[in-house]
Amino acid sequence: MTRLAVVLGSVRPNRMGGAIAQWVADQAAAFEGVEVEIVDIDAFSLPLFAEPMAPMMAAPADPAGAAFNEKIQSFDAVIFVAPEYNYSIPGSLKNAIDFLEPKALANKGVGLVGYSYSNGIRAVEHLKQIVTGFGGAVASPQVYLSLNTDVADGAFAPAAYHDGEVPAMVQAVLARSQGLASLR
Ligand SMILES: Cc1cc2nc3c(=O)[nH]c(=O)nc-3n(C[C@H](O)[C@H](O)[C@H](O)COP(=O)(O)O)c2cc1C
């Protein structure tokens with residue numbers, strides 16, 4: 001059994017990310033032998049990171065930060081669903097990632113889904129750098145969604161050309177996680 005997290009990176013009350021994370025999770029759950037869980041950063045009520053030690057030197061002491069770190073460590077693979085905020089990822093997601101020890105993502109398959117009016121490209125590009133720093137294996141392809149063409153009447157409505165994109169990414173994420181299992 002491969003445990004796969006779908007991390008929801010926005011914490012806004014009316015976030016579009018909830019529907020997108022569910023869309024990703026539903027398609028990932030169709031894979032045999034995969035247990036999928038949406039990890040909502042908002043549910044952890046994380047403080048701003050202010051640990052005395054960097055997590056690469058000591059696990060976070062803050063209870064919420066520790067709970068998030070331990071939660072992500074419990075998975076074999078992770079998919080981040082991230083909007084683009086000011087040409088990058090949301091501060092909420094960066095702050096959450098700052099609580100992670102390297103082993104939370106090292107040698108795990110990592111999938112990236114970006115969304116925004118400009119397809120979340122810069123959010124995904126920045127996540128590639130961050131995840132690679134942890135030793136995570138970013139899978140290609142990634143999924144890029146547009147709020148211009150993938151929303152109808154205010155609700156997430158992915159255009160037909162996205163069909164097949166999430167399964168292709170999940171397959172690549174699982175292949176990396178399975179291939180790197182002996183290193184974790
Ligand atoms: C603080 C903030 C900054 C944003 N910056 C960008 C941006 O740089 N590029 C872009 O295309 N959209 C930008 N947007 C639009 C968001 O991508 C869009 O509102 C999206 O729905 C946010 O995800 P969420 O609804 O899940 O929070 C921004 C939105 C917010 C709230």
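Contact here means heavy atoms within 4.5 Å. The structure is a predicted model, in which local features need pLDDT of at least 70, side-chain atom pairs count only at pLDDT 80 or more, and totals for chains, interfaces and linings use all residues. Residues are numbered from 1 along each chain as its sequence is written, and side-chain values use heavy atoms, with hydrogens and water left out.

**View 1. Surroundings of Glu84.** Glu84 touches Tyr115, Ser116, Ser118, Gly120, Ile121, Arg122 and Ala123, not counting residues up to four places away in sequence. The side chain of Glu84 also makes a polar contact with that of Ser118, at 3.3 Å; such a contact is a pair of N or O atoms within 3.5 Å, and within protein one must be able to donate a hydrogen and the other to accept it, while residues adjacent in sequence count only if both atoms are side-chain atoms. Glu84 is buried, its relative accessible area being 13%, where buried means under 20% (1.4 Å probe, protein chains only).

**View 2. The largest nonpolar core.** A nonpolar core is a set of buried Ala, Val, Leu, Ile, Met, Phe, Trp, Tyr and Cys residues joined through side-chain atoms within 4.5 Å. Among the 29 residues of the largest one, Val7, Phe68, Ile72, Phe80 and Leu93 touch the most other members.

**View 3. Contacts of Leu93.** Leaving aside residues up to four places away in sequence, Leu93 touches Val7, Gly9, Ile41, Phe80, Ala82 and Leu127. A second, separate core has 25 residues, including Trp23, Val113, Val170 and Ala172.

Terms used. Buried < 20%, exposed > 50% of the residue type's maximum accessible area, 1.4 Å probe, protein only.
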